[in-house]
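Subject: Structure handover

Hello,

Here is the structure for you to look over. My notes on the fold and the charge pairs follow below.

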Amino acid sequence: MVSKPHGGRLIIRIASENRRSAVLGAADEYPVISIGLREAYDVENIGYGVYSPLDGFMVYEDLENVLMNMRLSNDLPWTMPIVVSVDEDSMDFGVGDEVLLSYMDRPLAVMQVEDIYRLDRRLYAERVFGTTDPSHPGVYNVFREMGEYLVGGRIELLDTVDNPYARFYLRPMETRVLFRERGWKTIVGFQTRNAPHLGHEYVQKTALSFVDGIFINPVVGRKKRGDFKDEVILEAYSELVKHYYPKDSAVLSIVRYEMRYAGPREAIHHAIMRKNFGCTHFIVGRDHAGVGDFYGPYDAQEIFREFPDLGVTPVFFKEFFYCRRCGGIVHERICPHDESNRVRFSGTYVREAILEGRDIPDYIVRPEVARVLMSHPDPFVS
Amino acid sequence: MGQGKYTTVSIPKSLYNRIKKLVEETGFKSVSDYVTYVLREVVAMHESERYEEPFTEKDLEEIKKRLKALGYI
Ligand SMILES: [Zn+2]
């Protein structure tokens, strides 16, 4: 049996066809909150149950609990605020009203406003990111981009942002059926926003040795400069799965989500999302969801101890590397040799090799994957 | 924003003492912390025994059709 959704019930908040045309037909009469891409993806994730048990944006009571206790007001583990903000001067609605959440003038959801409350930026940043340093991208967002009020309430999904990777997109209700169809009872989730090198592959396969299937779930969303483009990552993973994974042992599909870079807290959130897709296990690597050196390399693993009731089992990995003496990909618990024998996997190394047109050794990146990376005229986000 | 909200439950004094002794040798800060942790674990286990998928047979056929079209099954 695949994992139960977080909170015990898969949330589906999709407006019925009648409701949708009624709302869109009268769209001019609704107050509108303009949302960014982050919230647009949040809306979609609430609507399809990726964020179960959330059925809308957080009201004060939930946000307070999330900030102070890393739990919703019903005591379920939850670490990331899922909020929508507005500025005071654009707030032409009140509690009890229905408003449209629009992205680039396109209504994506209708929200029943249940709560409007002031954003405490400092507390938010300190609790979620562990810092108020504006060089942290999440902190920057809180202080510079978010409005001064947060609006909470249930939503109904009307529409979604265009998805150029629709053929790689599965909703939780679909992955849950898929896992069942494949006869998988234990599924390990893998979060990524990178093209795969052999270090990633060995982490995945080590985990896969103990479960029925692996759910490779790249995050598609705004990325940092120098990251691989989404289409490159998907093409590279497709090749990897095709040539190096046993048939029907892996599912590759994306989640649309904007990274917060909240390190440990975000690792828990990533695990909950994958639980809702049906995963029973979730891989947590080195510096998971980190940025710069804001978090210790294994902080994101430590935090899982605080959640005996998460309902998804974390699988922890240290770094894999290539060892010349061992003659293979290993990690420090199974390789006794010193650093001079070890070749570390480094995204920077791969990036530089591609930019300079150098060959990448096949013990670092599979040749089929390297071909994908090399064949793109411009594989990086600029 | 305030701290978490708490309430009191009663457990036998002997059990309290037993946990207190155990807690001294673990990373838990207090008996309350320990009891909270253990209860959450047990409660989550019981809660997860009840679950039904939220979709109908008709939804299921549609889902399988899409999964087939995309080459997943
Ligand atoms: Zn070695």
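The radius of gyration here is taken over C-alpha atoms, and the globule rule is 2.2 Å times the number of residues to the power 0.38. For the 382 residues of chain A, that rule puts a compact globule near 21 Å; chain A has 21 Å, so the two agree.

Conventions next. This is a predicted model, in which local features need pLDDT of at least 70 and side-chain atom pairs count only at pLDDT 80 or more, while totals for chains, interfaces and linings use all residues. Residues are numbered from 1 along each chain as its sequence is written, chains are lettered from A and ligands numbered from 1 in the order written, and side-chain values use heavy atoms, without hydrogens and water.

**Fold**

Chain A has twelve helices and 16 strands (DSSP runs numbered from the N terminus: helices are H or I with at least four residues, strands are E with at least two). The C-alpha trace spans about 70 × 45 × 45 Å along its principal axes. Of the 382 residues, 60% are buried (under 20% relative accessible area; exposed is over 50%, partly exposed in between; 1.4 Å probe, protein chains only). Take the contacts in chain A with a separation of 6 or more: 74% of them join residues 24 or more positions apart (contact means heavy atoms within 4.5 Å).

**Salt bridges**

Arg260(A) pairs with Asp42(A) at 2.8 Å, N to O. Arg260(A) sits in the loop between strand 11 and helix 9, and Asp42(A) in helix 2, so the bridge ties together parts 218 residues apart in sequence. Both Arg260(A) and Asp42(A) are buried.

Arg106(A) pairs with Asp162(A), with the closest N and O atoms 3.2 Å apart. Arg106(A) is in strand 5 and Asp162(A) in the loop between strand 7 and helix 6, so parts 56 residues apart are tied together. Arg106(A) is partly exposed at 28% relative accessibility. Asp162(A) is exposed at 55%.

Glu319(A) meets Arg286(A) at 3.6 Å, N to O. Each lies in a loop, and the pair ties together parts 33 residues apart in sequence. Glu319(A) is partly exposed at 29%, and Arg286(A) is partly exposed at 45%. Both belong to a network of salt bridges that also links Glu339(A), Arg342(A) and Arg344(A).

Best regards

Note on methods. Salt bridge = Lys/Arg side-chain N within 4 Å of Asp/Glu carboxyl O.
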